[in-house]
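The following note sets out numbered remarks on the structure shown below. They concern the interface, the annotated positions and selected side-chain pairs.

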Number of protein chains: 2
Amino acid sequence: MPTTESWLLIDPASHFSLANIPFGIISTPTDSTPRPAVAIGNYALDLHLFAREGGFALLSPFESHAQSVFNARTLNAFAALGRSVHKEVRKYLQEIFCRETPYPSVLKTNEELKKKALIPLKDVQNHLPLEIGDYTDFFAGKNHAYNIGVLFRGKNNALQPNYVHLPVAYHGRASSVVVSGTALRRPSGQILFDTKTNPAAPKFSPCMKLDIELELGMFICKGNDLGSPIDVNSAEQNIFGYVLMNDWSARDIQMFEYIPLGPFNAKNFGTTISPWVVLADTLAPFATHGIKNDTTLQKYLQEERTDSALDINLQVDITTSKGYTTTITRTNAKNLVWSWPQMIAHHSISGCSLRTGDLFGSGTISGTEPKSQGSLLEQIQGGTVPMKLEGDEERKFLEDGDTITIKGWSGEEGSLVGFGECSGTILPAVRFD
Amino acid sequence: MPTTESWLLIDPASHFSLANIPFGIISTPTDSTPRPAVAIGNYALDLHLFAREGGFALLSPFESHAQSVFNARTLNAFAALGRSVHKEVRKYLQEIFCRETPYPSVLKTNEELKKKALIPLKDVQNHLPLEIGDYTDFFAGKNHAYNIGVLFRGKNNALQPNYVHLPVAYHGRASSVVVSGTALRRPSGQILFDTKTNPAAPKFSPCMKLDIELELGMFICKGNDLGSPIDVNSAEQNIFGYVLMNDWSARDIQMFEYIPLGPFNAKNFGTTISPWVVLADTLAPFATHGIKNDTTLQKYLQEERTDSALDINLQVDITTSKGYTTTITRTNAKNLVWSWPQMIAHHSISGCSLRTGDLFGSGTISGTEPKSQGSLLEQIQGGTVPMKLEGDEERKFLEDGDTITIKGWSGEEGSLVGFGECSGTILPAVRFD
């Protein structure tokens with residue numbers, strides 16, 4: 001099936017080609033109830049309406065589920081049906097939109113349903129695609145871990161001894177995960193401004209070192225019971241799909257708070273994800289090799305396949321309040337030393353239960369080339385070298401009014417598998433008078 | 001109102017006196033649907049049934065809410081109504097059970113309803129009282145933090161520089177919080193057995209240093225919007241109530257994994273809480289002073305009141321598989337250097353949103369006397385001195401088949417405000433062959 005060939009006009013540059021079919025949650029000015037949808041070209045197909053109007057009548061046995069899972073405010077119920085169902089539903093929707101669709105009466109020639117169920121993306125409000133149970137942020141971007149380690153501890157001790165043995169991670173804050181487009185306030189907290197002369201006298205201040213972290217996010221579709229670890233070689237069945245993620249970070253707040261229990265307020269003021277979940281099956285053709293790990297791994301981390309990284313182009317743009325946009329990062333999601341199945345296996349090896357809707361972050365993704373780093377801290381070499389931006393501006397860390405937009409895509413024009421955007425603007429800090 | 005005087009026979013030693021009225025979620029052999037209840041004496045009052053049969057008809061305007069909030073599988077909807085409602089409902093239920101109740105026909109003389117709605121606690125299955133959004137574990141037990149610090153870094157550097165400036169915390173794992181009575185498997189993970197000769201060669205093994213952490217848990221009733229911190233002096237209004245907590249800890253897994261992002265698999269295999277939530281109002285008469293903090297605090301942590309710690313007696317018992325029980329810890333919940341309002345204020349100062357059902361742990365509560373420490377690690381002085389137990393046994397860390405039971409109570413016999421039990425048994429590790 002030539003995936004560009006839809007009866008719907010799809011721009012070849014669209015992230016939402018017929019090869020994609022990502023799932024999300026939308027509302028519209030005329031119907032504020034959040035409901036499931038897929039993105040295709042410049043449109044969202046309202047799945048609640050499509051299901052209600054019999055759109056899945058030809059897809060038994062899913063048809064019996066469709067009414068309930070798409071009559072929901074999140075994708076959790078759909079995700080929980082498992083990967084074989086996701087695959088089947090995506091394939092069916094691809095057939096529906098195919099120029100030579102075997103089922104033209106379902107949508108192609110059904111003018112009334114097209115008019116109601118196909119909504120221009122510009123008229124759509126996106127919501128969080130799933131209700132997130134727990135959010136876990138990994139640290140699998142080895143180049144980033146190394147770069148940060150060099151800045152703090154020097155080249156010889158850049159990576160901690162555990163780094164190559166297990167996917168280091170911490171539990172993040174699910175309540176503060178927001179969908180692309182949500183503005184975030186600059187956080188305030190306790191900061192050491194003068195670490196040399198007065199190492200234990202923090203001041204309360206708005207964050208002065210507000211940073212980004214370019215990450216890939218992954219949603220769990222199927223969980224495990226407490227006490228029953230997930231095998232690394234079956235863990236792909238637990239993956240619903242992927243989103244882009246910006247794990248905003250307050251470096252100065254983190255510096256004072258993080259020993260010994262890890263980052264807390266430095267991260268929990270907001271984490272932004274892109275709205276459309278690209279299904280695991282959709283990205284299967286883009287499997288590739290990640291960063292090689294020379295360590296002999298414990299058996300529970302040994303994967304049979306060696307290509308479970310994902311070849312996804314990533315780009316970070318900054319738009320300042322003056323309106324100039326500069327691309328500051330170009331890299332690829334394959335720059336991870338741990339795969340998603342390894343992260344799942346490690347997370348559950350203790351017996352920890354995962355649940356439908358749990359969100360994993362990859363950790364910051366950085367390449368090794370100039371301008372391929374996923375955080376400002378790396379790009380400005382710890383704060384010593386400002387970035388030059390369009391409009392004759394420069395930046396070390398983020399200023400109020402700055403907008404960060406992450407884009408990600410795999411494949412070629414005409415059949416792009418893209419994520420759309422993960423975007424957020426920084427508002428001034430709350431005033432405490 | 002002499003709180004012992006109920007028409008219901010209540011043992012003076014009962015944790016669930018008329019002065020208490022804690023809320024929980026129950027099911028029964030004849031009705032497996034989880035539903036809200038309060039505990040009183042040896043009984044649970046089924047609030048779903050009580051509300052359906054008009055039990056709250058005399059309590060307007062709550063009556064209009066009662067049908068829906070008690071026709072739920074968790075206490076979230078009830079909690080979200082706010083503290084003035086919790087207070088009013090508790091007071092009304094106290095009046096219903098009072099010997100000289102002004103409303104005898106509601107329950108006291110209503111034999112049919114009594115028979116249906118009052119269920120012996122021995123016939124009740126408890127469930128998690130709330131659906132937990134996020135779980136955050138603090139580190140406010142200063143004596144514990146100091147004792148652990150001495151073991152790892154010596155007396156002079158026992159507390160990290162940030163410790164007295166802010167309530168250190170990490171995000172925990174909500175999915176693995178279980179209700180008292182749930183058995184937990186011993187976790188497995190990567191452990192350094194020989195740190196001196198081979199510091200970077202972990203082995204995969206069942207945890208050999210399985211420990212407990214005696215904590216108090218707190219549930220949030222009312223949250224805040226992202227970007228809108230909660231004022232420390234109004235934060236009591238965000239507290240629904242309290243439970244006992246055992247934050248089981250795999251010390252050896254933690255030792256290898258926790259730098260730089262904090263504990264992960266060492267904690268996420270299970271956290272046990274007691275089933276009955278003792279309301280914030282119920283514990284108000286037991287306000288007391290916590291551990292004094294001599295540091296000049298940032299304004300956002302400065303409380304007007306100085307007695308916002310809680311005077312709750314705490315006890316930890318171990319029962320081995322041979323059936324002998326030994327009390328290993330007696331202490332008090334006032335052994336915290338940060339109050340719950342301070343924890344709330346700090347958690348949200350970055351803008352982090354709290355939600356109804358979020359759970360906070362206090363951190364391990366230890367006294368300064370012998371046998372008052374809330375972890376085994378402290379009691380065995382880092383692993384050097386075994387504890388002597390009944391039945392001629394001894395322990396360093398937990399063995400398979402050991403049961404840990406935490407009890408907690410305030411007040412005097414006849415009007416005890418108690419939590420019942422927080423109990424869990426360790427099952428053998430999963431076998432990986």
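1. The model is predicted. At the boundary between the chains, Arg173(B) and Asp134(A) form a salt bridge through their side chains, with an N to O distance of 3.5 Å. Four salt bridges are counted between chain A and chain B.

2. Extent of the interface. The contact involves 61 residues of chain A and 61 residues of chain B. About 5,500 Å² is buried between chain A and chain B, and 58% of this area lies on carbon and sulfur atoms.

3. Several elements of chain A each provide at least two residues to the side that touches chain B; among them are strand S6 (135-138), strand S7 (169-171), helix H7 (251-257) and helix H9 (340-349). Sorted by class, this side of chain A comprises 31 nonpolar, 20 polar and ten charged residues.

4. Thr136(A) belongs to strand S6 of chain A and is buried, its relative accessible area being 0%. Its side chain makes a polar contact of 2.7 Å with the side chain of His347(A). Beyond residues up to four places away in sequence, Thr136(A) touches residues of both chains, including Tyr170(A), Leu359(A), Arg173(B) and Phe264(B). Arg173(B) is also the partner of Asp134(A) in the salt bridge of point 1.

5. Although Gly361(A) and Thr136(A) are 225 residues apart along the chain, their C-alpha atoms are separated by 6.2 Å. Apart from neighbours within four places in sequence, the contacts of Gly361(A) include Thr136(A), Asp137(A), Glu215(A) and Trp340(A).

6. Which residues does UniProt list under "binding site"? The unreviewed entry gives Asp137(A), Glu213(A), Glu215(A) and Asp247(A). These positions span 111 residues in sequence, yet no two of their C-alpha atoms are more than 11.0 Å apart, so they gather at one spot.

7. Glu213(A) and Glu215(A). Glu213(A) occupies the loop between strand S12 (210-211) and strand S13 (214-220) of chain A, whereas Glu215(A) sits in strand S13 itself. Is Glu213(A) buried or exposed? Its relative accessible area is 5%, so Glu213(A) is buried. Glu215(A) is buried as well, at 0% relative accessibility. With residues up to four places away in sequence set aside, Glu213(A) touches Asp137(A) and Asp247(A), among others, including His144(A), Arg251(A) and Lys267(A). On the corresponding basis, Glu215(A) is in contact with residues that include Asp137(A), Asp247(A) and Gly361(A).

8. Over all chains, the count is 48 salt bridges. One of these joins Arg35(A) to Asp46(A), with the closest N and O atoms 2.6 Å apart. Arg35(A) lies in strand S2 (residues 31-40) and Asp46(A) in strand S3 (residues 43-46), so the pair ties together parts of chain A that are eleven residues apart in sequence. Arg35(A) is buried at 4% relative accessible area, and Asp46(A) is buried at 2%. A further salt bridge, at 3.1 Å from N to O, pairs Arg83(A) with Asp281(A). This pair connects helix H4 (residues 83-97) with helix H8 (residues 280-283) of chain A, its members being 198 residues apart. Both Arg83(A) and Asp281(A) are buried.

9. Arg305(A) and Glu236(A) meet in a salt bridge of 2.7 Å, N to O. The two residues are 69 residues apart and both lie in loops: Arg305(A) between strand S18 (287-288) and strand S19 (309-310), and Glu236(A) between S13 and strand S14 (239-246) of chain A. Arg305(A) is partly exposed at 33% relative accessibility, and Glu236(A) is partly exposed at 27%. Elsewhere, salt bridges with shared partners link Asp211(A), Glu213(A), Asp247(A), Arg251(A) and Lys267(A) into one network.

10. The unreviewed UniProt entry assigns residues 19-129 of chain A to "domain: Fumarylacetoacetase N-terminal". Over residues 19-129, the chain is 37% helix and 23% strand, and the end C-alpha atoms are 20 Å apart.

Note on methods: Residues numbered from 1 in each chain as written. Chains lettered and ligands numbered in written order. Predicted model: local features only at pLDDT ≥ 70, side-chain atom pairs only at ≥ 80, totals over all residues. Heavy atoms only, no water. Contact = heavy atoms within 4.5 Å. Buried area = accessible area lost by both parts, 1.4 Å probe. Helix = DSSP H or I, 4+ residues; strand = E, 2+ residues; numbered from the N terminus. Nonpolar A, V, L, I, M, F, W, Y, C, P; charged D, E, K, R; others polar. UniProt positions renumbered as here; feature names shortened; annotations may be inferred. Buried < 20%, exposed > 50% of the residue type's maximum accessible area, 1.4 Å probe, protein only. Polar contact = N/O pair within 3.5 Å; in protein donor to acceptor, adjacent residues only side chain to side chain.
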